[in-house]
Amino acid sequence: MNEFNTILIYILAINIITFFLMGRDKRKSKKQQYRLPERTFWMLSVLGGSLGCYSGMKVFRHKTKHRSFIVGMPLLIIIQLIGITYIFVSVS
């Protein structure tokens, strides 16, 4: 398995996990149960799950009133896309 496939699988996995955790956290918020801290979503997003987090925000209407998420996630997605593009262009 080459580096491209490994990175692609990692990015896919962390985004799927982050997306589903956003849904789970939204369900828990409706039931007023213990929820995941926002820093967990930021950590997952910084580690590559920003698109999953942003998608979860839109699909589940979760964290949509938090300015840090509204502005920060799209910005983080752009930064990560630039970084990933740079890595793939440099490698090939």
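Biologist: How many aromatic pairs does the structure hold?

Modeller: The structure holds 3 aromatic pairs. A pair here means rings of Phe, Tyr or Trp (its six-membered ring) with centres within 6.5 Å; planes under 30 degrees apart count as stacked, over 60 as edge-to-face and the rest as tilted. One of them is Phe 19 with Phe 20, which is edge-to-face, at 5.5 Å centre to centre and 80° between the planes.

Biologist: What should I know about the model and the numbering?

Modeller: This is a predicted model, in which local features need pLDDT of at least 70 and side-chain atom pairs count only at pLDDT 80 or more, while totals for chains, interfaces and linings use all residues. Residues are numbered from 1 along each chain as its sequence is written, and side-chain values use heavy atoms, with hydrogens and water left out.

Biologist: How accessible is Phe 60?

Modeller: Phe 60 has a relative accessible area of 23%, so this residue is partly exposed. Phe 19, Phe 20 and Phe 60 form one aromatic cluster.

Biologist: Different topic. How many helices and strands does the chain have?

Modeller: There are 3 helices and 0 strands, and the pattern along the sequence reads α-α-α. The C-alpha atoms fill a box of roughly 50 × 25 × 20 Å along the principal axes.

Biologist: What percentage of the residues count as buried?

Modeller: Of the chain's 92 residues, 27% count as buried. The chain exposes about 6500 Å², of which carbon and sulfur atoms supply 67%. Those areas come from the Shrake-Rupley method with a 1.4 Å probe; for residues, only the protein chains shown count as cover.

Biologist: How do the axes of H2 and H3 cross?

Modeller: The axes of H2 and helix H3 (residues 67-91) cross at roughly 90° and come within 9 Å. H2 and H3 are therefore roughly perpendicular to each other. For the terms, axes are lines fitted to C-alpha atoms, for helices over the stretch in contact, with angles from 0 to 180 degrees between N-to-C directions. Angles under 35 degrees count as roughly parallel, over 145 as roughly antiparallel, 65 to 115 as roughly perpendicular and the rest as oblique.

Biologist: Which residues meet there?

Modeller: On the H2 side they include Phe 41, Trp 42, Ser 50 and Tyr 54, and on the H3 side Phe 69, Met 73, Pro 74 and Gln 80 are among them. Contact means heavy atoms within 4.5 Å. By class, the contact of H2 with H3 has 13 nonpolar, 6 polar and 1 charged residues. Ala, Val, Leu, Ile, Met, Phe, Trp, Tyr, Cys and Pro count as nonpolar, Asp, Glu, Lys and Arg as charged, and the others, Gly among them, as polar.

Biologist: Ser 50, then. Buried or exposed?

Modeller: Ser 50 is buried, because its relative accessibility is 2%. Leaving aside neighbours within four places in sequence, Ser 50 is in contact with Asn 15, Ser 45, Met 73, Leu 76, Ile 77 and Gln 80.

Biologist: What about Leu 21, what is in contact with it?

Modeller: Leu 21 lies in helix H1. Beyond neighbours within four places in sequence, Leu 21 is in contact with Leu 36, Phe 41 and Leu 44.

Biologist: Now the loops. Where is Gln 32?

Modeller: Gln 32 is in the loop between H1 and H2. Its phi is near 55°, a positive value in a residue other than glycine. Gln 32 has a relative accessible area of 75%, so this residue is exposed.

Biologist: And what is the phi of Lys 63?

Modeller: Lys 63 has a positive phi of about 65° although it is not a glycine. Lys 63 lies in the loop between H2 and H3 and is buried, with a relative accessible area of 7%.

Definitions and conventions
Buried means under 20% relative accessible area, exposed over 50%, partly exposed in between (1.4 Å probe, protein chains only). Helices (H or I, at least four residues) and strands (E, at least two) are DSSP runs, numbered from the N terminus.
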